[in-house]
Amino acid sequence: MSAEPNVRTLTINGEEISARSDQSILDAAREHNIDIPTLCHLEGLSEVGACRLCLVEVKGARRLLPACVTQVQEGMEVTTHSPKIDRYRTMILELYFAERNHVCSVCVANGNCELQSLSLKLGMTHVEIPYQYPQLPVDASHPRFTVDHNRCVLCTRCVRVCSEIEGANTWGVMGRGGESLVITDLKQPWGDSETCTSCGKCVQVCPTGALFEKTSVGNKTRKHPDFLPYLQIMREGE
Amino acid sequence: MSDLKTLATVWLDGCSGCHMSLLDMDERLIELSSQFCLVYSPLVDRKTFPDLVDVTLVEGAVASEDDLKKIRKIREHTRILVSLGDCALTGNVSAMRNACGPQPVFVRVYEQNADLQKQVPTVGVPPLLARVRPVHEVVPVDVFVPGCPPSADTIYQVLSQLLAGQVPTLGGVAHFG
Amino acid sequence: MNVEELQEIAEAAVEERDKFEYQINVCMGTGCLSQHSDKVKEAIEKEAGAAGKKCHVRRTGCMGLCAAGPLVLVEPSEQRYGHVHAADAKDVVASLGGEPIARLDPHLEGYFEGQKHIVLENSGHIDPEKIDEYIARGGYEALLKALTEMTPQTVIEQISKSGLRGRGGGGYPTGLKWDTVAKVKGAQKYVICNGDEGDPGAFMDRSVLESDPQRVIEGMAIAAYAIGASKGYIYVRAEYPLAVQRLTVALQQARRRGFLGNAICETQFSFDIDIRLGAGAFVCGEETALIASIEGKRGTPRPRPPYPAVSGLWGNPTLINNVETFANVAPVIRHGGEWFSSMGTARSKGTKVFALTGKIKRTGLVEVPMGMTLRQIIFDIGGGVPDGRKFKAVQTGGPSGGCLPEEHLDLSISYDALISAGSMMGSGGMIVMDDTSCMVSVARFFMEFCMTESCGKCIPCRAGTVQMYELLTKICQGEATHRDLDQLTELCEVVGATSLCGLGQTAPNPVLSTLRYFKHEYLAHIDEKRCPAGVCECSPVAVEVHA
């Protein structure tokens, strides 16, 4: 087994780049400062390819492929932005905003929200499709944290970090389709959870204001998910 | 005065914060005012909407029958309609009652939280719509300006471009909240 | 178990059968059972005993023509009776060897002539809970042939030569799939049979599992031998309790006879099968969601690649095929790939089982060679539209498929022809519609199905199907505008292009195909606030709901 990682050469938006054979299109692109929008992706967590924002065109592929779960191949020709892809991304974002109750003006994450940042990045200023206005709960039973399901985008980062990094498996998903909900234990109030270690990792990785610390005043809170890559490095070093 | 663009502003179901932001342009208002004439606004003394206005800035969501009637009339008599602020764009705080409907709100405000004469008023107040709606769900809108409120800088940019005959797009410039 | 023993069992079963002068087969598939065919069987047994007639009354699986159930088949005269009830038992017994009973004639003119039964060759002729009857009709000859005369590679060659394509709807070349899994290096490989059959109106797989479960088991065993698997799972939806019961018995009998377990038929090959039940999720018919379900996780799909052939169940190379696909395997091995490919069209070989439902006289299951036209299936075999109504459309492919109008009645059935016409083969559901069906309402029905069955993992399907459903509802209620129609079309494009799995990717198909062929119905609802079929209650004036 050679010590050198295998190198692949591929083209992204006409630009020839080199990547490691085990890299995803997303990682290879970001390493070369080519930005592809994402939401469910978070470095340090497993990839799920669920948010569909990172879909890219790959020459020869029948369908658009999610950059986060597609491995680079030698000679691949990738297009990350085009009028069609941009239109699809905007519609996907509209679907997110219309699905639940995202009221930026009164949210703790206002100004520090990945969903809000995406609307800015993709130039989305209004939603054409009808808002759904579902009735969704807020669970403030935990002494330190609160979950507001109105702001959740079901990215499942909380589920993944709680399972893969903390190992408590407190967060899960119940229901199906539009009835999906992230839940603690068996849909018990977070404050009654017997598995939660109150580590707060879920709060830090949540891209929106769905999960937040009770000490968040106004909307000046930043999230700090950067601990993840460090944890990974430290764990790999063992 | 004939080469002056006519500007109107109106607030529907909003908090008037967007209007405050407009005023927050301070001296830039004076600079712009040489190019437009404010022909209808809660800020000036005019009771009826003119026959034709070049630009109307609409703040607030469509929440009552009165709002509905107003916005339809305004659309008919306006060349360029601008949805100003999150309430007009998304419903925002005004639309937070959509998840439960207006009835629980009536009960909380006029009965539970009232000291005297607990009753839901019906005389002289426009009936609320069952659902608060963003302006563009009711009438076609030409310009969308996000923000709660949009900053004075943003509003200045929008007005400057409109007065120069351009149709501004705020995508990538301003965001909700 | 070896070839000689197999032959002995077959001969013994035939001898047992020939002891009786008459065989009376009573259909006990779910359809006929719901009409108390079990009471019919009891009554016939009683009457036969009382009349002293030497006849064997046998419970069998589905006889196909559900519309005429409960069905009874008398052999050797090949006389079929329909709508038989317990009270008719005396007459049935009395008619043995004599004139057939006219009032129980199921009127099968034109019904069997065009059909070719391969998958259904035993359905209605054997007791599904008697493995020896399966053996008597050639059962397990193919497995023995494969194990003793063929290598795994030659088995795959025959499957490839046959041109068999996945019968679950995807139409992926079966030989190619088997070859892919066979080539992957892995200590543990699995064979999974997808019996989740979720399309509304489809019951082909249910029928095969209820009527001839050994056929599927044999097919799986041959596949396991070919790809190098030692363990198999049959994933059946829990809504098929009779199929599960028949399968359970069949597996026990197969083990007892030595067709499953260790060192099968005195060879090195070991293979066994477990049943896994679904839990009410259409999405678990999608192969990666099905795998997740077997693994004990929530049934949500995973992005592919990697494909299950390479990394499937618990990360191992896995072959997944549909019930009907496996049901074709034994005949292919027995008669050869060339025999199979002599039937059908250039790129769609063999036969296909269709579930004929809706506005059709002869509701039930039919099996026809690929290439037969829709007109032949619906009118010659199916008997056409009842009550003097006019044919309007035929829906194939379930919630992933489309509606084809009259102009396509002469379409020659094949995977490709159906796709270019804007529909797809799907699993075999074929719903006929007449002039009392509203095509917008049909599109809405399928969208509602996709909406409630969406797993929720990806946003386009989870939220997009809701939006499309609401737009379709608005259209049906006469409250939509052209802007709504434009929005619907755009959502169809985005949801179809960006969804993670087949459920979302094909959810727009019924809308797109009805827009293609029945746009005038959409426009009537929008412009005239009128439902041409008289189904939808369109409100004449747009309603603004007040507090």
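## Starting with one arginine

How accessible is A:Arg87, and does that make A:Arg87 buried, partly exposed or exposed? The relative accessibility of A:Arg87 is 33%, so this residue counts as partly exposed. Keep in mind that you're looking at a predicted model.

## A bridge from chain A to chain C

A:Arg87 has a partner: C:Glu490, and the two form a salt bridge whose closest N and O atoms sit 3.7 Å apart. Look for A:Arg87 in helix 2 of chain A (residues 83-99) and for C:Glu490 in helix 19 of chain C (residues 482-498), so this pair joins two chains. C:Glu490 comes out at 28% relative accessibility, so C:Glu490 counts as partly exposed.

## Two pairs inside a chain

Now try chain B. Here the side chains of B:Asp45 and B:Lys47 meet in a salt bridge, with 3.3 Å from N to O. Both of these residues are exposed.

Over in chain C, C:Arg302 and C:Glu295 form a salt bridge too, and their closest N and O atoms are 2.6 Å apart. C:Arg302 has a relative accessible area of 28%, which makes it partly exposed. What about C:Glu295: buried or exposed? With 15% relative accessibility, C:Glu295 counts as buried, because the cut-off for buried is under 20%.

Key: Residues numbered from 1 in each chain as written. Chains lettered and ligands numbered in written order. Predicted model: local features only at pLDDT ≥ 70, side-chain atom pairs only at ≥ 80, totals over all residues. Heavy atoms only, no water. Salt bridge = Lys/Arg side-chain N within 4 Å of Asp/Glu carboxyl O. Helix = DSSP H or I, 4+ residues; strand = E, 2+ residues; numbered from the N terminus. Buried < 20%, exposed > 50% of the residue type's maximum accessible area, 1.4 Å probe, protein only.
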